[in-house]
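Please open the structure in the viewer and follow the selections below in order.

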Amino acid sequence: MVTTSRPVWENHSPAHICPFDQACSYLEWAAKELKLDPGLLEILSHPRKVVTVSIPVKMDNGEVRVLAGHRVQHSDILGPYKGGIRYHPAVTLREVSALAMLMTWKCALLGIPYGGAKGGIPIDPKKYSVGELERISRRYISELIKDIGPSVDIPAPDMGTSAREMAWMMDTYSVNVGHAVPGIVTGKPLSVGGSLGREMATGRGVMIIVREALADQGRSLPGVRIAIQGFGNVGGAAAELLHQEGAKIIAVSSGAGGVFSETGLDIPALKAYAAENHRSVVGFPQATPISNADLLTLPCDVLIPAALENQITEENVDHIQAQFVAEAANGPVTLEANRVLEARGVTVLPDILANAGGVVVSYLEWVQGLSYLFWDEERVNREMEHLMVNAYRQVIQQAQARRVNLRLAAYTLGVGRVAQALTDRGLYP
């Protein structure tokens with residue numbers, strides 16, 4: 001395998017699966033298949049810019065706290081940086097660095113003129129008031145104001161953030177430059193330049209890729225048994241859309257645990273229950289309790305990890321019984337676990353393809369914001385589906401041509417396009 005140096009901040013315990021090292025392993029895997037020049041690999045292995053800012057915030061009780069906020073900009077070879085901002089206690093610089101790199105390959109794979117970025121603040125948003133979250137969001141974006149812009153870096157919602165935070169960030173940026181700038185963030189409310197279809201976009205993309213993969217094996221969604229780990233924005237939307245298409249959702253879970261029904265869950269009723277119970281599905285009366293770990297090992301046709309990274313590892317991969325694994329989360333299957341699954345004939349639909357619906361509709365929102373011309377939801381969904389299906393077909397063709405699995409096919413396409421653009425642009429100076 002081609003080796004590269006790691007950025008100096010990426011020291012970690014070898015006992016822990018480091019997200020950044022895993023992302024680099026995927027890059028090196030693709031680079032070996034592509035026979036990439038070592039110099040190009042070295043450039044692509046490092047983010048172009050890493051920014052960490054201090055965020056002083058006055059709490060509701062008058063206390064002042066100083067938080068850390070990160071923004072990693074991996075590549076702008078193909079266009080402006082693009083990536084979410086997450087508020088979660090587990091946010092680290094190495095995690096954000098990994099996700100920024102994955103976003104670069106994802107955008108290239110989908111044919112979107114963006115590079116990858118990611119940001120985050122290591123907080124639990126549930127422990128802060130709305131006023132405190134607003135002050136944190138506004139100060140964070142004001143500290144980054146020289147590093148972002150509608151043609152530079154366009155943030156979006158991620159875990160722990162939503163349209164509300166994007167509206168605050170858009171307003172903060174706009175006030176500082178003196179005029180409204182709807183293209184500075186995506187995932188905004190419709191009232192300030194958001195796009196129809198954005199809320200369900202990532203889940204819709206998962207549904208489309210699962211549908212296409214089943215169709216390639218002569219199957220369709222009605223009656224297919226699906227288990228979904230994670231019932232947030234992505235997992236919940238995927239469950240709803242797959243249920244509407246006739247799939248049987250036999251299990252879902254939220255942070256504290258999950259629920260199971262052999263005959264299929266009533267997804268509309270479950271969504272209503274979760275909305276009234278702090279987004280938790282635990283205790284849903286029409287189902288049997290199940291743990292997050294046990295959900296992963298259920299016998300089913302399709303398993304959709306839609307929560308955190310590193311959920312299917314060498315420790316539990318032998319117990320996975322699904323025929324398809326669709327990565328709705330970022331990096332839920334480790335590289336070694338992926339190899340085991342593929343050797344057993346399990347089809348793994350990789351994250352940079354399966355969960356790309358969100359960034360596709362973010363791109364469409366950005367285009368609408370720049371042109372001040374907004375589309376109806378039918379057109380947004382149609383444009384997104386076209387890009388998703390086209391990318392899926394290209395991955396299938398690449399896998400067949402190179403005789404590799406779908407993950408390596410997706411990475412060779414994404415990495416190869418960025419490497420080609422870097423070669424064509426040349427190295428400055």
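Contact here means heavy atoms within 4.5 Å. This is a predicted model, in which local features need pLDDT of at least 70, side-chain atom pairs count only at pLDDT 80 or more, and totals for chains, interfaces and linings use all residues. Residues are numbered from 1 along each chain as its sequence is written, and side-chain values use heavy atoms, with hydrogens and water left out.

Select Ala287 to begin. Leaving aside neighbours within four places in sequence, Ala287 is in contact with Val259, Phe260 and Leu265. Ala287 lies in the loop between α8 and β9 (288-290); helices (H or I, at least four residues) and strands (E, at least two) are DSSP runs, numbered from the N terminus. Ala287 counts as buried, at 18% relative accessibility; buried means under 20% relative accessible area, exposed over 50% and partly exposed in between (1.4 Å probe, protein chains only).

Next, select α7 (residues 233-244) together with α8 (residues 267-275). The two helices pack at an angle of about 155°, with their axes 10 Å apart. That makes α7 roughly antiparallel to α8 (under 35 degrees is roughly parallel, over 145 roughly antiparallel, 65 to 115 roughly perpendicular and the rest oblique). Axes are lines fitted to C-alpha atoms, for helices over the stretch in contact, and angles run from 0 to 180 degrees between N-to-C directions. To display the contact, pick Gly236, Ala239, Glu240 and His243 of α7 and Ile267, Pro268 and Lys271 of α8.

Finally, select the cysteines. The structure holds zero disulfides (pairs of cysteine sulfur atoms within 2.5 Å). For Cys107, the nearest cysteine sulfur, that of Cys24, is 18 Å away. Cys107 is buried at 0% relative accessibility, and Cys300 is buried at 5%.
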